[in-house]
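Have the sequence and the 3D view open as you read.

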Amino acid sequence: MKRILRWLGGFAGLLLVGALGSGLWEKVLSPLLSIASSALVSTISRFSRSYSDATYALAAQGSPTSAGLFADCLIVFASMIAVMFVTTPTLKRTFARVKELTERSSKARFILELNALLFMAALATVMVSLAKLTVAEDVGGRTLQSMEILRPVIGEQYYIRFRADFYSMKTERDFLALKKLIDEQAQRYKTSVPIDDRL
């Protein structure tokens, strides 16, 4: 009976933690991720036109849930690693052993530093890719939403043209040309649309 109660308590605790984590993600982490991603992509795009073009191309072809799914997986993975590190004495002993070896051998220290550098490079790559996915999803969502808002007033001909232009986007120039057309129609019909040229 005690075992059953323990399992039920653990399951209830798991549901509570999941609900709290979901609310935290929706209200705090997701907006912060969006702001940080926008800032990172904007900074990189100032130095790399190809990166900017790739972001707009991804907006035209990426799935609308790819960024959220990738972010969720990354957060779950990081949380699991953090829990393992805090709660597993064996892992702590392993790190202590590695530290002991690096203090004795310069070769071991070099290998550890090289692995740490490779890990940081991989983490940076993941963060840049995540930022690109998040911003591409935001750009794509706002652009498609703008088209849907204008659809009743501009008619199917313009709407189909806008969608064709959107799905054929390859560069930032393509996006800006489409944005100009959408803005012109929004001003003509005095309609507010969420599209903008912010990366």
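## Ala-131 and its neighbours

Leaving aside residues up to four places away in sequence, Ala-131 touches Ser-37, Leu-40 and Val-41 (a contact means heavy atoms within 4.5 Å). Ala-131 sits in helix H5; helices here are DSSP runs of H or I with at least four residues, strands are runs of E with at least two, and both are numbered from the N terminus. Ala-131 is buried, with a relative accessible area of 2%. Buried means under 20% relative accessible area, exposed means over 50%, and partly exposed is in between, using a 1.4 Å probe and protein chains only.

How far apart are Ala-131 and Ser-38 in sequence and in space? They are 93 residues apart along the chain and 7.0 Å apart in space, C-alpha to C-alpha.

Residues are numbered from 1 along each chain as its sequence is written, and side-chain values use heavy atoms, with hydrogens and water left out.

The mean pLDDT of the chain (the predictor's confidence in each residue, from 0 to 100) is 75, and 56% of the residues reach 70 or more. Confidence is lowest in helix H3 (residues 66-87), at a mean of 59, and highest in H6, at 93. Where pLDDT is low, the predicted coordinates should not be read in detail.

## The chain as a whole

The chain has six helices and zero strands, so from the N terminus on its elements run α-α-α-α-α-α. Of its 199 residues, 23% are buried. Take the contacts between residues at least 6 apart in sequence: 67% of them join residues at least 24 apart.

Accessible areas come from the Shrake-Rupley method with a 1.4 Å probe, and for residues only the protein chains shown count as cover.

## Helix H2

Helix H2 (residues 49-61) has 13 residues and reaches 19 Å from its first C-alpha to its last, close to the 18 Å expected at 1.5 Å a residue. That expected span is 1.5 Å times one less than the number of residues. Buried residues in H2 include Tyr-51, Tyr-56, Ala-57 and Ala-60, and Asp-53 is also among them.

Which residues make the nonpolar surface patch of about 400 Å²? Phe-119, Met-120, Leu-123 and Met-127 do. Patches are built from residues with over 30% relative accessible area and no salt bridge; like charges are joined within 9 Å, and nonpolar side chains (Val, Leu, Ile, Met, Phe, Trp, Tyr) within 5 Å. Phe-119 is in helix H5 (residues 106-167) and counts as exposed, at 55% relative accessibility.

## Charged pairs

Side chains of opposite charge can pair when their charged atoms come close. A salt bridge here is a side-chain nitrogen of Lys or Arg within 4 Å of a carboxyl oxygen of Asp or Glu, and by this rule the count comes to seven. One of them pairs Arg-49 with Glu-172, with the closest N and O atoms 3.7 Å apart. This pair links distant parts of the chain, since Arg-49 is in helix H2 and Glu-172 in helix H6, 123 residues apart. Arg-49 counts as exposed, at 55% relative accessibility.

Glu-148 pairs with Arg-151, the closest N and O atoms being 3.8 Å apart. These two are separated by about one helical turn because they are three residues apart in helix H5. Asp-165 and Arg-161 form a salt bridge too, at 3.9 Å between the closest N and O atoms. Both lie in helix H5, four residues apart, about one turn of the helix. Salt bridges that share partners also join Glu-148, Arg-151, Glu-156 and Arg-163 into one network.

Not counting residues up to four places away in sequence, Gln-185 touches Leu-150, Ile-154, Tyr-158 and Phe-162.

Lys-190 lies in the segment after H6. Its phi is positive, about 50°, although Lys-190 is not a glycine. Lys-190 is exposed, with a relative accessible area of 77%.

Terms used: Predicted model: local features only at pLDDT ≥ 70, side-chain atom pairs only at ≥ 80, totals over all residues.
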